[in-house]
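Here are my notes on the model, as numbered points. Please read them with the coordinates open.

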Amino acid sequence: MTEDAVVDEELLTIGAFAARSRLSAKALRLYDRLGLLAPAHVDEVSGYRYYRAGQVDQARLVALLRRLDMPLARIADVVAAGGAEGADLLAAYWAGVETRVAAQRTLAEYLRGRLSGRSSEMYEKFVVETVEVPAQVLLTETRHTLADELPAWIGASLGRLEAAARECGGVVGAPFVIYHSEVSMESDGPAEACMPVADEAAAWAWAEARGRTWETKVRVEPTRRLAYTRISKAQVAHPQILAAFEAVEAWMRDKGLEYDGPCREVYFADWDAAGPSDPVCDVAFPVR
């Protein structure tokens, strides 16, 4: 039997199916290997692949989804779901793409400003001041995390620490996150979520009894002088927050101040209740 022979009236050879679906035989073999489109029948002797005419639409769908740069696992989910559920999965994927592209567009504009020498203009938008922060007893969680997971982790960890603080005399200051090393898509920090609490002895007791699940620790943060700028909820997103950090660093250089610890974000407002233009966060560096 040759590859172009028809086994029965319901089956198409890979060559005939490729022509019908407007795909190459090479692409069909790839889809089979990836588990996206299996032949209806494979001859045990020759190894030839045969497809049903009803698989044409699925083959074209797979090809079109690949043109959206959709990961193979997501394609498999969409194809398997089909119908309205498949459409919903596609919509969710594309919403993520548009969010990512919007962030990349903003980042590109930010980088254009830097490369074209307009950094000083961007920094002028930020008002930088200093503040003395007294020593604080902290409940903390530390996590190695990449940038795409960071917002969810910050919210979850500060929520856990706030709940724990109720058994440690209560919260006595704005929670903050310290970046001990860069957090990006290539670097995973670590980042440390910190919650100031009133009762150090109760904090140690709580951490010893129930803090092991999330590796909650207690430490005393010494008195710090912070150089900071206040930003809105919209500016917390990348790359706007990068410009804020850089503005503080430029101000420090102008004032002859030295770094006295890793940078941090201090969250002093109700995040959920805040609007895009409401101030919610201080971007800060300890200085001396």
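1. Contact, as used below, means heavy atoms within 4.5 Å. Helices (H or I, at least four residues) and strands (E, at least two) are DSSP runs, numbered from the N terminus. This is a predicted model: local features need pLDDT of at least 70 and side-chain atom pairs count only at pLDDT 80 or more, while totals for chains, interfaces and linings use all residues. Residues are numbered from 1 along each chain as its sequence is written, and side-chain values use heavy atoms, with hydrogens and water left out.

2. Helix H3 (residues 56–67) and helix H4 (residues 72–81) have axes that come within 10 Å and cross at roughly 145 degrees. Axes here are lines fitted to C-alpha atoms, for helices over the stretch in contact, and angles run from 0 to 180 degrees between N-to-C directions. On the H3 side, Gln58, Leu61, Val62, Leu65 and Arg66 take part; they meet Leu72, Ile75, Val78 and Val79 of H4. The crossing of H3 and H4 is right-handed; a crossing gets that label if the near helix is turned clockwise from the far one by less than a right angle, and is left-handed if anticlockwise.

3. H3 also packs against H1, at an angle of about 65 degrees and with the axes 9 Å apart. This crossing is right-handed. The residues that meet are Phe17, Arg20 and Ser21 from H1, and Val56, Ala59 and Arg60 from H3.

4. An open sheet is formed by 3 strands in the order S1-S3-S2, with antiparallel pairing. Strand S1 (11–13) and strand S2 (41–42) are at the edges and have a single partner strand each, so one side of each lacks a neighbour in the sheet. Helix H1 (residues 14–21) packs on this sheet and touches S1 and S3, its direction making about 95 degrees with that of S1. Two strands count as paired if DSSP finds at least two bridges between them. S2 and strand S3 (residues 49–52) are joined by 2 bridges, and valine 42 has arginine 49 in S3 as its bridge partner.

5. How many disulfides does a search of the whole structure find? The search finds 0, a disulfide being a pair of cysteine sulfur atoms within 2.5 Å. For cysteine 194, the closest cysteine sulfur is that of cysteine 263, at 12 Å, too far for a bond. The sulfur of cysteine 263 has its closest cysteine sulfur in cysteine 281, at 11 Å, which is also too far for a bond. Cysteine 194 is buried, with a relative accessible area of 0%, and cysteine 263 is buried at 18%. Buried means under 20% relative accessible area, exposed over 50%, and partly exposed in between (1.4 Å probe, protein chains only).

6. Arginine 264 lies in strand S10 (residues 264–267) and counts as buried, at 4% relative accessibility. Its side chain makes a polar contact of 2.9 Å with the side chain of glutamate 221. A polar contact is a pair of N or O atoms within 3.5 Å; within protein, one must be able to donate a hydrogen and the other to accept it, and residues adjacent in sequence count only if both atoms are side-chain atoms. Not counting residues up to four places away in sequence, arginine 264 touches residues including Phe176, Glu221, Arg224 and Asp282.

7. Alanine 135 sits in the loop between strand S4 (128–133) and strand S5 (136–143). At 46% relative accessibility, alanine 135 is partly exposed. Leaving aside neighbours within four places in sequence, alanine 135 contacts Glu221, Pro222 and Thr223. Alanine 135 and threonine 223 are 88 residues apart in sequence, yet 4.2 Å apart in space, C-alpha to C-alpha.
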